[in-house]
Amino acid sequence: MFNFFSNSNVFVWIEKLINFIHSIFFALLLAALSFALILSPPDYLQGDSVRIMYVHVPAAWIGLASFTCLALLSILNFIFKIKNLTLIIKSIAPIGLIFTCIAIVTGSIWGQPTWGTFWAWDARITSMVILALFYFIIITIQKLISEEDKANKISSIVAAIGLINIPIIKYSVEWWNTLHQPASIKITGESTIHTSMLMPLLLMFFVFILYCALIFLMKYKTEIIRIKRKSLKRL
Amino acid sequence: MISNLISMNGYGIFVWSSFAITFIVCAAFYFKTRKTLKKYEKEFAKEIEELSIKQKKIVLEKSKVASKVFSSYNKTL
């Protein structure tokens, strides 16, 4: 069982998965863009500016989910010291940072036509900026500290502290008076978004997930080769 | 119809810039990641090639990763 998850076996599977994602990605992206930009209806209140939602919301979801994943894996790695987890954490962090930044920038652009300003230090936006800072600190620690064990320990502690920010982001719109609207899509409870907008949103989210998987697999593959190169040098 | 799609009732600048930023950043990140991967693969394959025949044989037999990277590198040559 554990042999199946060895770097050699994982490497073979990664190649197959990368090829599979490449084969379906562009068709799905084209479909998602057609729905997001042409086929989905404008909002009765926000008009066509609502289309920004199709990149803003999936990017924010991925930013949050990546950090939750990263923090939980970091805590596990801190306790059990599993080498593969270090590789996964290193591969997830840049993806999370990119999507958090995309969410902040597209949210800011969306803010101008809806709120009349590009920026406001409201609770949701500020907590998202803090999330981006946590990602940045973790990546910097991994890059600057050459001792791997030490880097893992420090970044695990930072990630565990950063995990506190996740529920703050989620509930910021309920706990404080914010410009940002409350969530329209709820896992538990009734969503307030119409199906004609929900479907393109979920399709775009799926395309973003495929993109993340592609980047993650390429980064993971790079990390495996880096390790193998180290062991080759020891020969 | 096309001018409607571009202007989006006055919101075009916001919508198109959001999509453009997202896809330019994603494309740049994809190509950077791919370039780094290719660089590592190339350097690893070269390091294997520089080994003695005996060492090379041991490495390629023992490591699936090494043999995969080495064979795909030779294919591209």
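The model is predicted: local features need pLDDT of at least 70, side-chain atom pairs count only at pLDDT 80 or more, and totals for chains, interfaces and linings use all residues. Residues are numbered from 1 along each chain as its sequence is written, while chains are lettered from A and ligands numbered from 1 in the order in which they are written.

**Chain A**

Chain A has 7 helices and 0 strands. Helices (H or I, at least four residues) and strands (E, at least two) are DSSP runs, numbered from the N terminus. The C-alpha trace of chain A spans about 65 × 40 × 30 Å along its principal axes. Of its 235 residues, 36% count as buried. Buried means that 20 or more other C-beta atoms lie within 10 Å of the residue's own; exposed means 12 or fewer, and partly exposed is in between, with C-beta atoms placed from the backbone.

Two residues are in contact if their C-beta atoms, placed from the backbone, lie within 7 Å. Take the contacts in chain A with a separation of 6 or more: residues 24 or more positions apart account for 77% of them.

**Where the chains meet**

In chain A, 33 residues are in contact with 31 residues of chain B. On the chain A side, α1 (7–39), α2 (53–80), α3 (83–115) and α7 (195–233) each give two or more residues. The largest share, 12 residues, comes from α7(A). By class, this side has 19 nonpolar, 7 polar and 7 charged residues. Ala, Val, Leu, Ile, Met, Phe, Trp, Tyr, Cys and Pro count as nonpolar, Asp, Glu, Lys and Arg as charged, and the others, Gly among them, as polar.

**Helix α2 of chain B**

The 38 residues of α2(B) should span 56 Å at 1.5 Å a residue, and its end C-alpha atoms are 54 Å apart, which agrees. The expected span is 1.5 Å times one less than the number of residues. Buried residues of α2(B) include Phe14(B), Cys26(B) and Ile48(B). The buried residues of this helix pack against α2, α3 and α7 of chain A, together with α3 (53–62) and α4 (64–76) of chain B.

Most residues other than glycine have a negative phi.
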